[in-house]
Amino acid sequence: MKKDSQINLLSHSQAKVRLLSEYLKRYLNIISNDNHTKEIQVYDLFCGEGIYENGGEGSPLLILRQIKDMHFTNPANRRLIPPVNCHFNDLDSRKIEKVKAAVAAKSLHYPDFGSIGYSSTDYQCLLDQLVKSFANLRSQKQKAFVFIDPYQYRHISGSQIAALMASGCVEVLLWLPTQFMYRFAKNGTPEALYDFISELIPDFSDQGFDDVWSFIKKIKEGFHALLGESFFVDTFTIQKDPSTVFCLFFFTSHILGFQKMLEAKWDIDTEQGKGWHYQENQLSFLSHYKTNPLEADLVEFLRTKPRSNVEVYRFTINRGFLPKHTNEVLRNWQNTQRISIASPTGTKPRKSAFYIAYEYYRQNQVKTIFSLS
Ligand SMILES: C[S@@+](CC[C@H](N)C(=O)[O-])C[C@H]1O[C@@H](n2cnc3c(N)ncnc32)[C@H](O)[C@@H]1O
């Protein structure tokens with residue numbers, strides 16, 4: 001018998017596809033305006049059936065909706081939007097037929113948006129083809145986005161993600177049922193899971209992890225170590241009930257893409273009441289598990305030596321926070337004289353002018369130097 005989650009779009013899955021939508025909206029906007037990219041490739045490798053029995057829309061429809069919205073909200077700039085070619089895959093060919101029917105019934109795709117392709121192939125075969133074709137993305141001025149949403153972890157490995165990302169022109173959003181993985185890890189580990197975990201956490205032992213949060217943290221660190229310093233990795237956790245936590249992993253090599261993902265994540269978190277709260281000198285999330293370490297980390301970062309706005313920007317994004325969060329901390333420190341801020345020319349910068357932003361980072365423009373008082 002099918003599980004309810006396989007028939008109806010449940011609220012945790014809604015949160016997942018919502019994040020996919022919010023991110024894609026931002027991603028498509030930046031790439032369309034970068035004056036460089038000629039084509040965007042979007043792959044949904046486990047796309048499901050598109051529409052659930054309760055009417056909920058799955059990933060393929062939401063992806064197409066974002067592309068359609070981009071065209072309809074920018075009629076004047078439509079001709080500047082590069083083609084966005086979509087590819088939807090699911091092993092189950094009946095699901096692919098359902099997706100095709102829903103796309104037609106809802107008029108979600110027009111040929112001038114780009115091409116649309118469908119396949120019913122095992123993910124593993126498709127992946128090998130993608131890795132080969134992605135090697136040419138840079139020379140063809142193309143970008144790719146890959147959504148990987150399996151029911152089970154056994155399809156996934158860290159080295160596959162690394163191979164997909166290798167060209168530096170690819171972003172990946174991966175959904176993993178971390179709660180089940182953590183439970184298995186605690187109670188004797190199946191081989192496929194052992195292989196997945198031990199590739200990312202070489203010192204993993206059968207003793208398992210303290211809790212699902214430390215498991216997710218270790219997996220994230222493992223992905224980061226495997227991919228290397230020029231890649232960014234972040235997670236978005238969705239708690240279905242007190243004992244069930246799912247996790248989206250996001251991978252990119254592009255710092256602005258990463259910032260956009262963080263913006264999407266923080267928007268959703270804030271709506272759900274788990275977002276940013278800054279009171280006095282204390283930063284905390286409402287949720288116990290998400291105790292906000294930004295202020296403490298910034299102190300550590302600045303303690304060793306003075307840092308420029310360019311360094312503080314990268315540090316902030318790397319830690320999963322946004323420039324506006326760091327600005328709040330810096331404003332508070334400035335008001336309480338806990339920090340001194342100089343410009344490289346020796347002049348005193350305007351109050352609250354911190355220059356923590358991508359535009360300064362991109363041009364390596366040092367405008368401010370921060371040191372703890
Ligand atoms: C979690 S569902 C995808 C849900 C979908 N992304 C959505 O938003 O509605 C996972 C899908 O993977 C498909 N699947 C299972 N094994 C697969 C494989 N080896 N290759 C490709 N697809 C597979 C299943 O048929 C199922 O539709």
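I started with Asn 35, which sits in the loop between α2 and β1 (39-44). For these labels, helices (H or I, at least four residues) and strands (E, at least two) are DSSP runs, numbered from the N terminus. Before going on, I noted that this is a predicted model: local features need pLDDT of at least 70, side-chain atom pairs count only at pLDDT 80 or more, and totals for chains, interfaces and linings use all residues. Residues are numbered from 1 along each chain as its sequence is written.

**Loops with positive phi**

Back to Asn 35: its phi is positive, about 55 degrees, although it is not a glycine. I looked up burial next. A residue is buried if 20 or more other C-beta atoms lie within 10 Å of its own, exposed if 12 or fewer, and partly exposed in between, with C-beta atoms placed from the backbone. Asn 35 has 6 other C-beta atoms within 10 Å, so I put it down as exposed.

Gln 337 is another non-glycine with a positive phi of about 55 degrees. I found Gln 337 in the loop between α13 (323-335) and β11 (339-342). Gln 337 is exposed because it has 8 other C-beta atoms within 10 Å.

**Whole chain**

I counted 14 helices and 12 strands in the protein chain. Of its 373 residues, 35% are buried. For contacts I used C-beta atoms, placed from the backbone, that lie within 7 Å. Taking contacts between residues at least 6 apart in sequence, 70% join residues at least 24 apart.

**The core**

A nonpolar core here is a set of buried Ala, Val, Leu, Ile, Met, Phe, Trp, Tyr and Cys residues joined through C-beta atoms within 7 Å. The largest one has 89 residues, and Val 146, Val 172, Leu 174, Leu 248 and Phe 249 touch the most other members. Helix α2 (residues 11-32) gives this core its largest share, 8 residues. Domain 1 (4-271) and domain 2 (278-372) both contribute, so the core lies between them. Those domain bounds come from an automatic or database domain assignment.

I then listed what Val 146 touches, leaving out residues up to four places away in sequence: Tyr 43, Leu 45, Leu 164, Val 170 and Val 172.

The arc is that of the directions from the helix axis to the C-beta atoms.

In helix α8 (residues 191-200), I have Phe 196, Ile 197 and Leu 200 as buried. Down the axis of α8 they fall within an arc of 90 degrees, so they line one face of the helix.

**Thr 235**

Thr 235 is in strand β6 (residues 232-241). It counts as partly exposed because it has 18 C-beta neighbours inside 10 Å. Thr 235 and Cys 247 are 12 residues apart in sequence, and 6.5 Å apart in space from C-alpha to C-alpha. Beyond four places in sequence, Thr 235 touches Ile 216, Lys 220, Cys 247, Leu 248 and Phe 249.

**Ligand**

Last, I checked the ligand: 17 residues surround it, with Phe 46, Gly 48, Gly 58, Ser 59 and Tyr 123 the closest. The cut-off is a C-beta atom, placed from the backbone, within 6 Å of the molecule.

Technical notes
Contact = placed C-beta atoms within 7 Å.
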